Amino acid sequence: MSTHERRVAGKRLKRIDGIGKVTGKHVYASDFALPGMLFGKILRSSEAHARIVRLDLTKALALPGVRTILTAKDIPQILFGTAIKDRPVFASDVVRFRGEAIAAVAATSLEIAEAAVRAIEIAYEPLPAVFDMEDALKPGAPQVHAGWSDYQALPVFDREGNISGRSSIAVGDLEAGFAACHRVYEHRFTTQHVHPGYTEPRTAIASWDGNGDVSVWCNTQLPFDMKNMLAEVLDLPASKVRVVVPGIGGGFGGKLRVGVEHFAAWLARKSKRPVKVTTTSEEELTDAYPRQPTVITLKTGVSKDGLLIAREGKVLLDCGAYANSGPGTAALALQMLAGPYRTPHFSYESVAVYTNKGSTGSFRAPAGPMGNFAVESQIDLIADDLGIDPLEFRLRNVYREGDAGPAGDTVTSVSIEESLRRAADAIGWKDRKPGPGRGKGLACSWWLTTGGSSGVYVKINPDGTVTLVSGAVEIGTGAMTGAAQILAEELGVDLSDINATDVDTHLSPYDYGAQGSRTAFSVGNACIAAAKDLRRQIGELVAPLWNVAPESVRLEGKGVVSGNNRLSLAEVAGLSQRTGGGLISHGTFIHPMPTFDPTRVKNHPSPAWTSHSFHTHAVDLSVDEVTGEVTINRYVVAQDVGFAINPTYIEGQIEGGVAQGIGQALSEEIVYDGGRVLNANLTDYKMPTMMDMPRVECILIEKPSVNGPYGAKGVGEPPCIQPPAAIANAIAAATGVRIQALPITAEKIALARLKDGD
Ligand code: MOS
């Protein structure tokens, strides 16, 4: 970066994919079609835990238009999974949750495929099932996976029976710490299943070519992981699998893993025709990757003047029938219990548990809202009991620059105090209880910017435009616009000169994927590396012509400059094409790994966090005296973004995250009755709409990170972390009612008031 003022990065420019998306012309994976394609549908279990004793396809196969029906018998018995390879493509002998795939049909129309699914005859013999995490841990509980010990799994996790993974972080002397405390508080909090709520269902179109290679067009967040996962379940070398993402209508973590791609690929292989499979809302709410429910217990000891001395915490996390990322998410909850507070003595343990319910997964800030709801609710409970203002209590305890993080890693670029003060000022904290039924609450947190490597190819074309090829998908956040702004800045061109391409694993350089608040950060850094290499190439090309030192050559104003010499970037790209094959570069980046103290952690896959961000949410709300209905009057977010690459889209991320957080706080829950989902439709699964959303006031703090492009930090996940805690705290301020179980529905508030004799 030269010393001139930035022209592109930091500006509120329009996103590069904007026009196609707002006009409805953009082709998402669900719009994608191939000539002659068939439609796939899945037969799903109606039992939560049962043995399949009869499966008769005769009537279904006889329907005209049915081309293929597949069951476990027709494909190799391969188990797949993230932490543990515990999941089959089709249940063979035993089903472990209601909604599990048993067979798949490919037919010439969706209606015929659906009719064929209904015509399959099946009989079950019920097995004892377990639906509650705490029941699943009791001796003699039904085992969700009788053969758990034979599974291949990441070695890091400690597993046994219904425990799919156990992790811990601890330091100090807990007993001595508690003994020295003025008071010790114990509380229990519970959180619910929440669907990621992406607008585009999961979809895949698979097609095999004459060489036995398969191409899959789908809406995955992780094309390179998908390629490897599919190679595994298709029993193929990865080089024979190509994944293309034409467009993805949101993901939020729900599209990290195999969704319907494997069904499409197997059906296409057997039917010798392209096959498309798309989920329905019912399938989304019964067999997707929703946020895992948790039970969190906290025992916290404090000094008289409100300093945290000792804390013990335990997280139980319900993976459902297949572990997926549950053990890793449970481990991440430990950092949420620890930070962003100094505590000399602590011990945190996570236990991920199998139950006979639908599988779950990583949803935007995995473990974030759950851990934060527990910690930040309890901080208010403690502060109130000690008669200390909750803001003041937090300010006394939050991390300071250079503090040790939970794993003994160093916490840098700390801005938690500033975020607390600015959010509190903006909401008018001094007047916390402005009137009857009205109150204000706040919650603060920290989060990481996920690592993993990124590569980009950058090509300068002889018309002066720039092609950016990345393996990261534009998931809807605007992150690829952010990366393109950095690239334009570095190359001295306009944002409108940059063209980004779709991801195709046969053509795109590797990227760890659109996950973990990392895309703009990591791809942006890869763009800086590519631009640096292009400056070198250009310097070497023009220096001999001008008789100048290559290092004196700069890129600015769409031109190449040294002293009084100037050529347009287009001219130089043309020159390079005629003499040396053109200007093209592969820029790469990987986040440096922090050091940590291994004696503090056990069985934890990601103990130390990278490029932390800090944030505070403050809310002013009213609660209806009779119905308990909550109305949000004002909502303020003060978030440290390091450097705001494009403030407009950061604000968009904050607004969207708050909307999801309000949903988790007040209304959303996949409601189970035993193993049955009672609200598997979008009428009864209550996501907030525009009518429920307050205007979100955003305060962007820019305390530069060490490793981010121009100091940027990850921004995508954090905004959905604090709403449940901030809202719970405001409801308590407004009504005196403290709800420790999400979601905080109007009914819960009204019933709690009746109980209090209010
Ligand atoms: Mo995210 S849960 O890393 O997509």
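The model is predicted. Two cis peptide bonds are described, one joining Gly-339 and Pro-340 and one joining Leu-742 and Pro-743. Helix α10 spans residues 368–386, and its axis and that of helix α11 come within 9 Å.

**Cis peptide bonds**

- Most residues other than glycine have a negative phi, and most peptide bonds are trans.
- The peptide bond between Gly-339 and Pro-340 is cis, with omega at about 0°.
- Pro-340 belongs to the loop that runs between α9 (326–338) and β18 (345–354).
- A cis peptide bond also links Leu-742 to Pro-743, and its omega is about -5°.
- The loop that holds Pro-743 lies between α17 (723–735) and α18 (746–755).

**Positive phi values**

- Asn-324, a residue other than glycine, has a positive phi near 45°.
- The loop between β17 (308–320) and α9 contains Asn-324.
- With a relative accessible area of 5%, Asn-324 falls under the 20% limit and is therefore buried.
- Asn-603 likewise has a positive phi, near 55°, and is not glycine.
- Its location is the loop between β28 (601–602) and β29 (613–623).
- The relative accessibility of Asn-603 is 29%, so this residue counts as partly exposed.

**Helix α15**

- Helix α15 has twelve residues, 569–580, and at 1.5 Å a residue it should span 16 Å.
- Leu-569, Val-572, Ala-573, Gly-574 and Ser-576 are buried in α15.
- An α-helix has 3.6 residues a turn, so residues three or four places apart point the same way.
- Gly-581 follows α15 and has a positive phi, near 85°.

**Asp-385 in helix α10**

- Asp-385 is located in α10 (residues 368–386), and at 42% relative accessibility it counts as partly exposed.
- Beyond neighbours within four places in sequence, Asp-385 is in contact with Arg-183 and Tyr-185.
- Asp-385 and Tyr-185 are 200 residues apart along the chain, and their C-alpha atoms are separated by 9.8 Å.
- A polar contact of 3.0 Å joins the side chain of Asp-385 to the side chain of Arg-183.

**Glu-376 in helix α10**

- Glu-376 is also found in α10.
- The relative accessible area of Glu-376 is 0%, and the residue is therefore buried.
- Setting aside residues up to four places away in sequence, Glu-376 touches Tyr-341, Arg-394, Ala-443, Cys-444, Ala-725 and Asn-729.

**Crossing of α10 and α11**

- Two packed helices are described by the angle between their axes and the distance between the axes.
- The axes of α10 and α11 (residues 390–397) come within 9 Å and cross at roughly 110°.
- Because angles of 65 to 115 degrees count as roughly perpendicular, α10 is roughly perpendicular to α11.
- The crossing of these two helices, α10 and α11, is right-handed.
- On the α10 side, the residues that meet α11 are Glu-376, Ile-379, Asp-380, Ile-382, Ala-383, Asp-384 and Leu-386.
- On the α11 side, the residues that meet α10 are Pro-390, Phe-393 and Arg-394.
- Arg-394 is also among the residues that Glu-376 touches.

Notes: Residues numbered from 1 in each chain as written. Predicted model: local features only at pLDDT ≥ 70, side-chain atom pairs only at ≥ 80, totals over all residues. Heavy atoms only, no water. Helix = DSSP H or I, 4+ residues; strand = E, 2+ residues; numbered from the N terminus. Buried < 20%, exposed > 50% of the residue type's maximum accessible area, 1.4 Å probe, protein only. Expected span 1.5 Å × (residues − 1). Contact = heavy atoms within 4.5 Å. Polar contact = N/O pair within 3.5 Å; in protein donor to acceptor, adjacent residues only side chain to side chain. Axes fitted to C-alpha atoms, helices over the stretch in contact; angles between N-to-C directions. Parallel < 35°, antiparallel > 145°, perpendicular 65-115°, else oblique. Left-handed = near helix turned anticlockwise from the far one by under 90°.
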